[in-house]
Amino acid sequence: MPQKKNICNTNNLYNITPSRETFFLFKDRPSRLWNLGARIACFVVIGYSKVWAGLLNTYKIHNKERLYKCLYDREEKRGLVTVSNHDSCMDDPMLWGCLKWRNTVQPAKVRWITAANDICFTKWSHALFFSLGRVVPIIRGDGVYQRSMDFIIEKINNGDWTHIFPEGRVNIDKSFIRFKWGVGRLVAEAKKIPIVLPMYHVGMDDILPNNKPYVPRIRKKVTLLIGQPMEFTEDVELMRHMKKTPTEIRKYITDKIQDEIYKLKEKAERLHVESFQEQV
């Protein structure tokens, strides 16, 4: 009898054959029932994250005002792309325990995010839940030009917020992983170049360890460091003027984002130790 697949089993993130079939449930004009379901899903998931991260664990956020400024005070129709490391299956939505409560009842203020088709979208019921929570299935191995990437670019063009884990998988041992170029495409091909906000977190894999049993823990410590917003408008315009290829532009953007994330890594790990050393 085949073993039932656990959607949080990080062992499934290695040596898998990408599935070319997926449940893509998004419509150009979602129904009222869909919008109601999205409100309920976002309220439940973000509310859960705020309680679990902020009340049952200790969550220290550095430079929160940078995130809030980008979320609530950016120019109209300009998208936001936040990027971070990926250490645990609960990074999203647990990261967003730092959001204001108004985000729980305003799906338009909630991030879009991609997730592996062969982990989170293996059943229609799973696909419905994640889709209502603004999670888009990505088919690993299909490259940067696929339906879900086009969909996310459309959302960025609408001025929406999307979050990306450019490592492409849960980085269990926190080793160096070259970022996927998809994040570069999202930035380069948007009608109006979005703001890119890098961040790095430490301790999420203490709340949900990457081994069985996959049960969230309490009384753990998490640090989130928000970096400086990154601007790519002039860079992209210059590279287009220089007749750089789309591949070259994507690589340039992705490399710059990766460099910034790894700079934040050192600072975040130091802040994590310093912030909690009195409690150790």
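The buried residues of helix 2 (64-72), where buried denotes under 20% relative accessible area, exposed over 50% and partly exposed the range in between, with a 1.4 Å probe and protein chains only, pack against strand 2 (80-83), strand 5 (161-164), strand 6 and strand 7. Helices (H or I, at least four residues) and strands (E, at least two) are DSSP runs numbered from the N terminus. The structure is a predicted model, in which local features need pLDDT of at least 70 and side-chain atom pairs count only at pLDDT 80 or more, while totals for chains, interfaces and linings use all residues. Residues are numbered from 1 along each chain as its sequence is written, and side-chain values use heavy atoms, with hydrogens and water left out.

The buried set of helix 2 consists of Leu 67, Tyr 68, Cys 70, Leu 71 and Tyr 72. Apart from neighbours within four places in sequence, Leu 67 is in contact (heavy atoms within 4.5 Å) with Thr 82, Cys 98, Leu 99, Leu 197, Met 199 and Ile 226. Leu 67 is also, together with Tyr 59, one of the residues with the most contacts inside the largest nonpolar core, which has 40 residues; such a core is a set of buried Ala, Val, Leu, Ile, Met, Phe, Trp, Tyr and Cys residues joined through side-chain atoms within 4.5 Å. Two or more residues of this core are given by each of helix 1, helix 2, strand 3 (112-116), helix 4 (117-120), helix 5, strand 6 (195-202), helix 8 (204-207) and strand 7 (221-226), and the largest share, 5 residues, comes from helix 2. A second, separate core of 34 residues includes Trp 112, Ile 152, Val 196 and Leu 225. In soluble globular proteins, nonpolar side chains tend to be buried together.

Helix 1 (residues 32-54) and helix 5 (residues 124-132) have axes that come within 8 Å and cross at roughly 80°. Axes are lines fitted to C-alpha atoms, for helices over the stretch in contact, and angles run from 0 to 180 degrees between N-to-C directions. The two helices, helix 1 and helix 5, are therefore roughly perpendicular to each other, a class that covers 65 to 115 degrees, with angles under 35 degrees counted as roughly parallel, over 145 as roughly antiparallel and the rest as oblique. On the side of helix 1, Trp 34, Gly 37, Ala 38, Ala 41, Cys 42 and Val 45 meet Leu 128, Phe 129, Ser 131 and Leu 132 of helix 5. The residues of this contact divide into 8 nonpolar, 2 polar and no charged, where Ala, Val, Leu, Ile, Met, Phe, Trp, Tyr, Cys and Pro count as nonpolar, Asp, Glu, Lys and Arg as charged, and the others, Gly among them, as polar. Within helix 5, Ala 127, Phe 130, Ser 131 and Leu 132 are buried, and the buried residues of this helix pack against helix 1, helix 4 and strand 4 (135-138).

Two residues other than glycine show a positive phi. Arg 134, in the loop between helix 5 and strand 4, has a positive phi of about 65° and is buried, with a relative accessible area of 10%. Lys 77, in the loop between helix 2 and strand 2, has a phi near 65° but is partly exposed, with a relative accessible area of 49%. Cis peptide bonds are found from Asp 92 to Pro 93, with omega near 20°, and from Lys 212 to Pro 213, with omega near -5°. Pro 93 lies in helix 3 (residues 91-94), whereas Pro 213 is placed in the loop between helix 8 and strand 7. Most residues other than glycine have a negative phi, and most peptide bonds are trans.

In helix 10 (residues 246-276), Glu 269 is partly exposed, with a relative accessible area of 32%. Leaving aside neighbours within four places in sequence, Glu 269 is in contact with Tyr 200 and Val 202, and its C-alpha atom is separated by 9.4 Å from that of Gly 203, 66 residues apart along the chain. Lys 191, in the loop between helix 7 (182-188) and strand 6, is exposed, with a relative accessible area of 76%.

In an unreviewed entry, UniProt lists residues 80-204 as "domain: Phospholipid/glycerol acyltransferase"; UniProt positions are given in the numbering used here, feature names are shortened, and annotations may be inferred rather than shown by experiment. The end C-alpha atoms of residues 80-204 lie 23 Å apart, and the span is 29% helix and 20% strand.
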